[in-house]
Structures are given as C-alpha cells and as structure tokens.
Amino acid sequence: MNWQRSCMTIALCLVGIGPSPAQQITEKPTLPPVAMQQQIEKLAEAVTLEEAEVKSSQQQIQALREQVAALQEQLAASRASPTAPSSQAGDNPVGRLSAAVDALHEQQDLQQSEIATHEQTKVESASKFPVKLTGLILMNAFTNSTGVDVIQSPTLATGGAGTTGITLRQTILGLDARGPHLFGANTSADVRVDFFGGLGQANYAAEGGTARLRTAHVDLAWKQTRAFVEMDRPIISPNTPSSLTAVAQPALAWSGNLWNWVPQIGVEQSVKLDPSSSMKVEAAVADVPDPPTIGVSTSAPPAASLAEQSRWPGSEARIGYSRENGLEVGAAGYFSPHSAGKDFRFDAWAATIDYRVPLIAHLEASGSLYRGLGLGGLGGGAFKDYVYSQPGNNYSYRPLDDVGGWTQLKARATERIEFNTAFGIDNAFSSELKQYTAGGSANYQNMARNATLFTNVIFSPTAYTLFSFEYRRIDTSAASGSHLLANIYGVAAGYRF
C-alpha cells in the first residue's frame with residue numbers, strides 16, 4: 001500500500017510540475033485584459049460600418065431598379081404612341097438621348113461633307129503655303145444714248161449713234177496667298193485679272209475679251225510698318241466711287257478720279273495717336289504710264305513712256321489721319337519727270353486732298369480734289385499730258401495744267417441695300433488749249449473738260465450675290481465751247497466667290 005501511495009505521489013508531482021509537450025512547442029505570451037478589450041471594441045465598430053455600407057448599397061440598388069422600371073415604362077409608352085409630338089419626346093430622358101444621338105450624326109455628316117469639299121476645292125501651291133481662289137463673275141447690260149469711247153464701260157461722249165449690248169468682260173479673277181515670316185514680317189501676295197484687254201468688236205475673241213493684268217501686290221507687314229511692291233491705284237488717290245457697271249475702269253475715271261494701274265514700290269508707316277485715332281505716312285516710287293492716245297508725229301509711238309524716257313522714276317507721298325468712327329482725311333503729292341524727245345521735257349506734278357466723312361444716320365461722303373500739271377497718265381488732263389502744234393516742220397509743245405475732283409454721297413438703307421450718287425469733273429485750262437487746237441492735232445487734243453454724274457442702287461441679297469441699276473450722264477466739252485452728252489443706262493448682276 002505504501003508502495004502504491006508513493007508511486008501515485010510521484011506521478012502527481014510529475015504531472016503538476018513538468019511542462020506538457022504542447023506547451024513546449026506552441027507556447028505564446030498572453031495579452032493583457034485591457035488590450036483584449038480594445039481589440040474587441042475595434043472589431044465591433046468595423047462590423048457596424050460594414051453593415052451601414054451594405055444597407056446604403058441596398059438602398060441605391062433599389063433606387064436604380066425603380067429608375068430602370070420607370071424608364072422601361074416610358075419606353076413602352078413611347079413605342080405605343082409613335083405619333084406623339086417631338087416636343088414631348090424631348091421632355092423625357094429617352095427623348096433627350098435620342099435627340100443627342102441624332103445631333104451627333106448630323107454634325108458628323110456635316111463635318112465629313114466639309115472635309116470632302118475642302119479636299120475637292122483646295123488650291124495647292126508649289127511653296128505649300130495657303131492659296132485662295134477668289135473673284136467676281138459680273139454681267140453688265142447697257143444702253144448708250146449716243147456714241148461713247150468704250151461702249152461696255154464708257155468714260156467719254158463722242159457723238160454719233162447709240163449702242164446696246166451685254167458683256168461679261170468686267171469679270172475679275174484673283175489669287176490670294178500667304179507666305180512665310182521674313183525679317184519678322186508676315187508676307188502675303190495677291191493678283192487680279194479681268195478680260196478687258198483688246199477693245200475690238202469684230203469677232204468672238206474680241207467680244208469675249210482678252211485677259212489683262214489688273215492689280216498685283218506683294219507685302220511685308222510688321223506691326224505698324226508695311227513694305228510693298230504693287231500694281232494698283234496711285235497712293236495719292238486712295239478712294240474710288242461705288243459702281244458695279246464701271247469696274248474695268250473705275251467710276252468717274254477721266255472725270256476727276258485720278259486713276260491708273262501703276263507699278264509702285266513703297267513703304268507705309270502707321271502711328272497710333274490715341275485709342276481711337278491714328279496717322280499713316282506712305283511713300284513710293286512709281287512708273288506712270290502714258291494717256292490712251294498721244295503722239296508728236298505720224299510715226300508709231302515709242303515703246304517707252306514719257307516718264308521712262310526721262311530716266312527718272314516718279315515719286316509720290318501721302319499723309320493721312322483716321323478715326324475708328326470711319327473718318328479719314330489725307331493730303332498727298334506726286335512728282336514725275338517726263339520727256340517727249342530731247343527738245344521737250346517737263347515735270348508732271350499733283351497736289352491732292354482725299355476724304356471720307358461719316359454723316360448723320362447711315363450717310364457717308366467721300367471724294368478727292370487735285371491740282372496739277374501733265375496728269376494724262378493718271379486719268380486727268382482731258383486724256384493728255386500736253387498739247388502741241390506743228391507749223392511746217394516745227395513743233396511747239398506745252399504741258400497742260402489741270403484741276404478737278406469728285407465727291408460721292410452714300411446712303412446705306414440696310415446691310416443689303418445702298419444708294420450712291422456721285423459727280424466728278426476734270427478740267428484742263430482752255431486758255432492753254434485754244435492756241436494748239438486749230439492746226440490738226442492728235443485725238444483728244446480739243447477736249448477741255450469731261451464731267452460725269454451717276455446714281456445707282458446696289459443690292460446684295462446674300463454675301464455672294466450682287467445686283468445693281470445705274471444711270472450715268474457724261475458731258476464732254478471741247479475748247480471751242482461745244483459739248484457732247486451721253487446718257488448711260490446699265491444693269492449689273494454678279495456672283496462673288
């Protein structure tokens with residue numbers, strides 16, 4: 001018994017004192033009670049948040065289900081009534097979505113059409129810089145009561161039978177180009193041609209006209225400075241009257257409107273005086289052509305003009321003031337040595353004033369005045385620079401003084417309709433003419449004064465179409481005092497592109 005007790009005692013001691021194998025392998029430190037409580041609280045908070053998110057998601061899902069059901073009902077209703085007004089369709093989401101899709105399709109089709117049109121109509125230049133084709137297809141129908149110098153666009157009454165006809169010779173074609181930056185300036189160029197070259201009337205080629213260089217420009221433009229090479233109106237005469245029946249030769253040409261297509265090289269400087277006004281100064285050298293008909297003998301006229309025979313270029317300059325309201329005034333001068341042979345030289349000159357003045361309402365006045373000598377090459381002097389006589393084999397010459405100008409009143413009834421009335425006169429000094437007109441002179445030698453009055457209406461129903469009716473009266477007077485009258489009735493229709 002004692003032995004058994006001893007064994008049991010030893011066994012109990014071993015069990016109570018010795019560590020178990022599991023404790024030896026997996027024994028870990030036990031957390032304090034406070035830390036354990038904190039972890040339990042955090043887990044509880046996380047579970048609460050998850051439950052709230054699940055509940056919110058269930059609510060959103062339910063709302064989406066309700067919206068889908070409502071849309072399905074509306075779609076079914078729209079299908080059941082296909083003839084409902086389009087305004088009702090636009091009041092629901094389905095209608096708005098359908099309208100937006102249709103608009104996108106239309107915009108895509110339009111863009112594809114514009115791209116295709118651009119690919120078909122673009123003009124490509126060798127320089128790869130942009131080039132634009134432009135022009136005015138212009139039809140003129142006319143009735144001249146008596147004889148005139150050029151029946152399609154008369155400037156002078158000659159007497160004799162009248163004429164009636166139709167022409168498209170005043171049609172204008174042009175190209176506009178933009179080039180690279182050069183010396184810090186933008187470069188650009190343009191050219192215009194019409195079909196008024198060759199004035200014969202005998203065959204189809206003459207009726208159709210011959211292409212003629214009209215104007216051309218090459219510009220280098222800085223912010224306030226411009227350098228140019230051009231063939232255009234002289235810078236001393238920047239304004240021109242408004243007409244659709246006188247395009248090949250500007251309205252009031254040879255009746256106070258100094259004009260010719262003149263090759264020029266010059267520079268222009270603009271100066272801003274204040275936010276609403278500025279000043280511009282221009283200067284150029286020019287090669288002024290001769291009048292239409294002039295000569296000192298029965299032989300063919302020389303190839304060189306009177307200005308070119310002098311071997312000195314003409315010069316011109318202008319200073320102008322302008323305001324943002326449309327007011328423009330300027331003063332200019334012109335000087336050009338001329339030579340009609342080794343025994344006769346003279347200096348052509350002119351002083352001019354030009355203006356454009358906005359009046360009350362939609363009225364505007366514009367015009368130009370001049371005084372000068374030898375202005376036949378610029379559309380003055382009654383078609384001549386000088387007069388001469390030929391007693392025997394001796395010639396006697398005299399450069400011709402001249403004075404003239406024009407003024408126009410423009411009334412814009414609307415953006416599409418305007419009315420214009422203008423008067424111009426060129427007056428050579430008859431006292432200088434009389435002693436030279438008795439002895440068989442060249443054409444126009446006896447003419448002392450040419451005056452023109454016109455009134456017209458110009459209607460532009462679109463940006464590309466133009467229509468006009470014009471009445472013009474030309475009064476041509478000779479040095480002897482007699483004069484010829486011509487009444488011109490013209491209709492014009494044009495398409496601009």
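This is a predicted model: local features need pLDDT of at least 70, side-chain atom pairs count only at pLDDT 80 or more; totals for chains, interfaces and linings use all residues.
Student: Which residues lie nearest the centre of the largest pocket?

Tutor: Lining residues are those with an atom within 4 Å of a point. The largest pocket has 48 of them, and R214, R233, P238, T240 and P241 lie nearest its centre. Elements that give two or more residues to this lining include β1 (131-144), β5 (210-221), β10 (328-339) and β16 (417-428). Strands here are DSSP runs (E, at least two residues), numbered from the N terminus.

Student: How does the lining of the largest pocket divide by class?

Tutor: Into 18 nonpolar, 14 polar and 16 charged residues. The classes work like this: Ala, Val, Leu, Ile, Met, Phe, Trp, Tyr, Cys and Pro are nonpolar, Asp, Glu, Lys and Arg are charged, and the others, Gly among them, are polar.

Student: And what about the second largest pocket?

Tutor: That one holds about 500 Å³ of space. It is lined by 21 residues, with R212, Q249, W259, N260 and P292 closest to its centre. By class, its lining has 13 nonpolar, 5 polar and 3 charged residues.

Student: Now the outside. Which residues form the nonpolar patch on the surface?

Tutor: A patch like this gathers residues with over 30% relative accessible area and no salt bridge, joining nonpolar side chains (Val, Leu, Ile, Met, Phe, Trp, Tyr) within 5 Å. Accessible areas come from the Shrake-Rupley method with a 1.4 Å probe, and for residues only the protein chains shown count as cover. In this model the patch consists of L133, I137, I166, L168, L173, L175, Y464, Y495 and F497, with about 840 Å² of accessible area together. β1 and β3 (172-182) are the elements that give it two or more residues. Take I166, which sits in strand β2 (residues 163-167): its relative accessibility is 61%, so it counts as exposed. The cut-offs are under 20% for buried, over 50% for exposed, and partly exposed in between.

Student: How many salt bridges does the structure hold?

Tutor: There are 12, each being a side-chain nitrogen of Lys or Arg within 4 Å of a carboxyl oxygen of Asp or Glu. One of them joins D194 and R214 at 3.2 Å, N to O. D194 is in strand β4 and R214 in strand β5, 20 residues apart, so this pair links distant parts of the chain. Both D194 and R214 are buried, and D194, R212 and R214 are linked in a network of salt bridges.

Student: Which side chain meets R371 in a salt bridge?

Tutor: D401, again at 3.2 Å, N to O. Since R371 lies in strand β12 and D401 in strand β15, the pair ties together parts 30 residues apart in sequence. R371 is partly exposed at 31%, whereas D401 is buried at 15%. K410 and E418 make another bridge, at 2.7 Å, N to O, and both are buried.

Student: Last one, on the backbone: what is the phi of F183?

Tutor: Positive, about 55°, although F183 is not a glycine. F183 lies in the loop between β3 and β4 (185-197) and counts as exposed at 68% relative accessibility. A361 also has a positive phi, near 55°, and is found in the loop between β11 (345-358) and β12 (363-373). A361 is exposed, at 73%.

Notes. Residues are numbered from 1 along each chain as its sequence is written. Side-chain values use heavy atoms; hydrogens and water are left out. On a 1 Å grid over the protein atoms alone, a cavity is a set of points where a 1.4 Å probe fits but cannot get out, and a pocket is an open set with protein on both sides within 12 Å along at least five of seven lines; lining residues have an atom within 4 Å of a point. Helices (H or I, at least four residues) and strands (E, at least two) are DSSP runs, numbered from the N terminus. Grid points are joined across faces, edges and corners, and a volume is the space filled by probe spheres set on the points. Patches are made of residues with over 30% relative accessible area and no salt bridge: like charges are joined within 9 Å, nonpolar side chains (Val, Leu, Ile, Met, Phe, Trp, Tyr) within 5 Å. Buried means under 20% relative accessible area, exposed over 50%, partly exposed in between (1.4 Å probe, protein chains only).
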